[in-house]
Each structure stands twice: as structure tokens, then as C-alpha cells.
Amino acid sequence: MAGPTGRGGSLGGALNDLLRSQVTPRHRLSSYNARHWHAQLSQLTGTHRGYQALEEAGLHVTTKTLLNWLSDPEYNIRRSYRDLIHTAYENVAIVPADPIPDHVKNGQFEISGTVKTGDDERERGTRRASPLRIDGRRGHWDEIEELWAAGELTDDEFEDHFIDDVIVEDIGEGTDGWDFPGSSYSVELR
């Protein structure tokens, strides 16, 4: 029985596609697009989560002051208060990434596509060559997880770290390193 599969124009693209099919990446809520401090404050004070974010950002003003600000969009507030409102707004607008689950980090990865090590270059996952099988349990996932949580796990970063921190940890350096020069990859998780 086939497991979840990611596809992409590079190994990193296929890995990212696979990961995004399993967990939600860090992202911005589309409803949080206000630019002016008053619009941001109005949106924040509409929810309990928004009030909590204002408090966590360090905005401590009286209810009367808050009502004055909300009643007049042209009210002149200090820059430090505008910065606190903006910080709270961004903290609510950004949804953190789900952590990479253990079934991914401990999974068996079957990579299909062009794989090169030294002078050996072949198309894996065909009748002539089985997919490249990698045991994720042997990998070091810390840097991949940090980049994922920060929303900075690009296809290139994922490919580089997967080679160095997962493939090499599982099966070694190869003849002369690992390279994935193809333009179409699939990665199945088992």
C-alpha cells in the first residue's frame, strides 16, 4: 500500500510537497491585512485572542484610553504604542507551523528521480532501478525543524539539509557526495 507522496521539480520541492501534505506550514491569516494602527487595533480588540496579544506585547493602557483611541482614527498616539499594536497584530496574524510529526522523521523515504553519486547517475524508481530508500530515523532533523518552524524551509534548503542530515547519516557520503540533478522527483513516505 502506497504512503503519502510528494512531487516536485527538485528533490527539495518533492520533500516540501510531502511535508505540506502532512502538516500545516507557518502562514499568515488572509484576514489580517490592515496597515494603519487604528484598523489593526480595531481588529485586535474584536477578539479575546487579540486582547491577549496586546497584553503580551506590553500594551497596558486604561479602558478609557483604549476607547478614546478606538473612537478616533486620527487620534495622535505615541510611536511606541503604535509599535506595540503592530507587534500584537503580527503575532496574531502569523499562525505557527505544526511541528514535524514523528511518523515523518521516523519514516522510510523512497526517492524516485535522477540520483547521482560520483560517476553513477541513474533514474531511480524505474523497472531498472528501485527507488533510493532512506531511513529517516537515522537522520538529524534539528536544522530542518528550525527552518520549518521559522517558515524558511525553501526547497533548496530542504534538499541540502536532507542530503547532509538524513541521507548521509543513513547511508553515508556516497562515492563523491549526493546530487539530484533531475527535474522531476517523487518522494513516498512509508
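Which residues in α2 meet which residues in α5? Trp37, Gln40, Leu41, Gln43 and Leu44 in α2 meet Arg82, Ile85, His86, Ala88, Tyr89 and Val92 in α5, where contact means heavy atoms within 4.5 Å. By class, the residues of this contact are 7 nonpolar, 3 polar and 1 charged (Ala, Val, Leu, Ile, Met, Phe, Trp, Tyr, Cys and Pro count as nonpolar, Asp, Glu, Lys and Arg as charged, and the others, Gly among them, as polar).

This is a predicted model, in which local features need pLDDT of at least 70 and side-chain atom pairs count only at pLDDT 80 or more, while totals for chains, interfaces and linings use all residues. Residues are numbered from 1 along each chain as its sequence is written, and side-chain values use heavy atoms, leaving out hydrogens and water.

The chain has 8 helices and 7 strands, which are DSSP runs numbered from the N terminus (helices: H or I, at least four residues; strands: E, at least two).

| Element | Residues |
|---|---|
| Helix α2 | 37-44 |
| Helix α5 | 79-93 |
| Strand β4 | 108-117 |
| Strand β5 | 120-124 |

Helices α2 and α5 pack at an angle of about 50°, with their axes 9 Å apart (axes are lines fitted to C-alpha atoms, for helices over the stretch in contact, and angles run from 0 to 180 degrees between N-to-C directions).

Strands β4 and β5 pair in the antiparallel sense over 5 bridges; strands pair if DSSP finds at least two bridges between them. Lys116 has Glu121 in β5 as its bridge partner. The hairpin of β4 and β5 has 2 residues between the strands, and Gly118 there takes a positive phi near 65°.

The C-alpha atoms of the chain fill a box of roughly 75 × 30 × 25 Å along the principal axes.
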